[in-house]
Amino acid sequence: MSEITWNDLLMMLNKYDKEDIVEIEKAYKFAKLLHEGQYRQSGEPYIVHPLNVAYILAEMNADKDTICAGLLHDTLEDTKIINEDIVTLFNPTVTKLVEGVTKISKLNCSKQAQSMANTRKIITGITEDVRIMIIKLADRLHNMRTLQYKSSFKQKEIAMETMDIFVPLAYYIGAYRMKSELEDISLQYLYPDKYKYIQEVQLKIKENSKQCLEEMLYTIDSILIDKEISHHIKMRIKNIYGIYKKLESGYNLSDIHDLLALKVMVNDISNCYQTLGLVHSKYHPLNDKFKDYIFNPKTNMYRSIHTTVFGENNRLVQTQIRTFDMDQIASFGLSAYWSINKGNAREVMQEELKNKYQFFKSLIEINHVFADNQEFVRQVKSELFADKIYVYTTKGDIIELPKGSTAIDFAYKIHSDIGNTMVGVMVNDKDVSVDYILQNKDRVRIITDDLSCGPKQEWIDKVKTTKAKRKIKEFRRK
Ligand code: MN
């Protein structure tokens with residue numbers, strides 16, 4: 001891939017207002033001047049990096065302030081200017097965003113402690129402004145794309161950190177497109193042989209199934225045209241890391257039912273179900289692989305219908321049916337609001353994050369309880385970034401919990417009063433003990449009694465989540 005130039009960015013900005021482009025050009029020129037004489041390991045002038053970060057952001061239709069901050073993101077760290085310079089030349093928002101992505105450098109402590117402090121800063125930046133994390137993700141993506149210039153030790157170290165921190169963050173805000181690219185590049189450096197092998201496998205699958213997918217696409221396309229449902233259909237193949245993970249967990253290639261997918265995008269929800277009916281009347285569905293994420297969104301707000309059908313030559317093909325807006329969110333997550341809600345995207349993003357994204361409340365809780373950076377990072381990794389399970393409330397809402405959580409964790413996640421008055425629990429209509437370890441897809445009913453004496457001391461050792469631990473301790477203290 002040849003590197004992006006200012007003209008490429010300018011072309012990408014053609015939908016932006018004139019004044020916005022003027023401001024962005026000012027940021028570009030300023031950053032270029034400040035980084036003058038600095039070079040990347042590739043030998044290119046340093047400005048190439050912020051330019052690429054800005055380009056990635058412009059591809060996501062980021063607002064003007066975010067793109068300016070993308071261009072200036074390394075200036076506080078690597079050049080002579082200070083915050084006030086950015087306030088004077090630009091505005092407080094751009095300054096806040098640049099500060100948000102700048103590493104803490106003046107700490108008088110070990111390298112390890114400093115790195116923990118920075119990790120915490122990246123993760124908690126989202127509580128102030130989700131754009132900070134999106135810039136940081138764009139920064140990481142470009143650094144990963146140019147990782148070949150680093151030493152092989154650095155490559156592995158950076159790839160590991162990407163998998164540890166940035167991939168889960170991209171997942172949590174629903175930025176799947178970024179997440180899959182970050183995963184694939186990381187795998188390439190962590191396990192080059194496996195990466196190469198699966199890359200070949202993926203290529204073979206593509207060749208072998210091209211015709212089958214094209215035929216299906218054509219058939220569904222004609223059916224929808226016939227019914228006058230306006231639509232767009234795309235083919236998709238699982239990313240290399242996705243295939244790797246399935247194979248590692250013991251699946252055969254032929255068992256991976258979503259290796260191949262057709263994405264059908266339509267205008268509204270009722271068209272989604274009409275399309276579903278039409279697809280099923282043409283291709284037999286595989287019954288146990290049907291998922292309705294439209295009315296049961298994933299905890300990162302991904303919405304779509306998934307149905308795996310017997311396609312041409314009885315090949316299993318997953319069909320994903322969703323609206324155009326849902327598709328934007330499926331690819332870009334929260335940052336899709338830059339395209340959907342032009343005027344007040346930032347407010348919408350922050351509100352959605354606060355009210356709908358389950359990880360957000362847990363993150364605030366952990367941030368509140370753990371003062372020590374190392375403990376904070378450890379807890380985030382074990383509670384949020386480790387494997388998760390998804391269980392149902394009696395109403396059918398999906399609740400996300402770290403793997404190993406008990407019914408007590410569930411009760412406190414719903415509400416602290418429910419945890420504090422819990423006397424029993426039924427899972428899938430059967431009585432179990434309160435410290436029952438929840439499994440994926442369990443249906444959980446908490447039995448409460450207002451006259452209960454409250455949580456028992458030993459429950460503290462039977463919970464995994466920070467909120468449950470804190471609430472039990474608080475109650476016991478009283
Ligand atoms: Mn950077």
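Q: Among contacts in the protein chain between residues at least 6 apart in sequence, what percentage join residues at least 24 apart?

A: A contact means heavy atoms within 4.5 Å. In the protein chain, 64% of the contacts between residues at least 6 apart join residues at least 24 apart. This is a predicted model, in which local features need pLDDT of at least 70 and side-chain atom pairs count only at pLDDT 80 or more, while totals for chains, interfaces and linings use all residues. Residues are numbered from 1 along each chain as its sequence is written, and side-chain values use heavy atoms, with hydrogens and water left out.

Q: What radius of gyration would a compact globule of 478 residues have, and what does the protein chain have?

A: The radius is taken over C-alpha atoms, and the globule rule is 2.2 Å times the number of residues to the power 0.38. The rule gives a value near 23 Å, and the protein chain agrees at 24 Å. Along its principal axes, the C-alpha trace spans about 70 × 65 × 45 Å.

Q: How many of the residues in H2 are buried, and which are they?

A: Buried means under 20% relative accessible area, exposed over 50%, and partly exposed in between (1.4 Å probe, protein chains only). Helices (H or I, at least four residues) and strands (E, at least two) are DSSP runs, numbered from the N terminus. In H2 the buried residues are Asp20, Ile21, Glu23, Ile24, Ala27, Tyr28, Phe30, Ala31 and Leu34. They pack against helices H1 (6–12), H3 (48–59), H4 (64–72), H5 (75–78) and H6 (83–89).

Q: Which residues are the protein donors of the manganese ion?

A: Donors are N, O and S atoms within 2.8 Å of the metal (3.2 Å for Na, K and Ca); water is not among the atoms, so sites may look incomplete. Here the protein donors are His49 (NE2), His73 (NE2), Asp74 (OD) and Asp139 (OD), at 2.2 to 2.4 Å from the ion. Histidine 73, in the loop between H4 and H5, and aspartate 139, in helix H9 (residues 130–145), are 66 residues apart and link distant parts of the chain. Histidine 73 and aspartate 139 are both buried.

Q: What is the phi of asparagine 428, and what is that of lysine 441?

A: Most residues other than glycine have a negative phi. Asparagine 428 has a positive phi near 50 degrees, and lysine 441 one of about 70 degrees. Asparagine 428 sits in the loop between strands E8 (422–427) and E9 (430–432) and is partly exposed, at 29% relative accessible area. Lysine 441 lies in the loop between E9 and strand E10 (444–448) and counts as exposed, at 59%.
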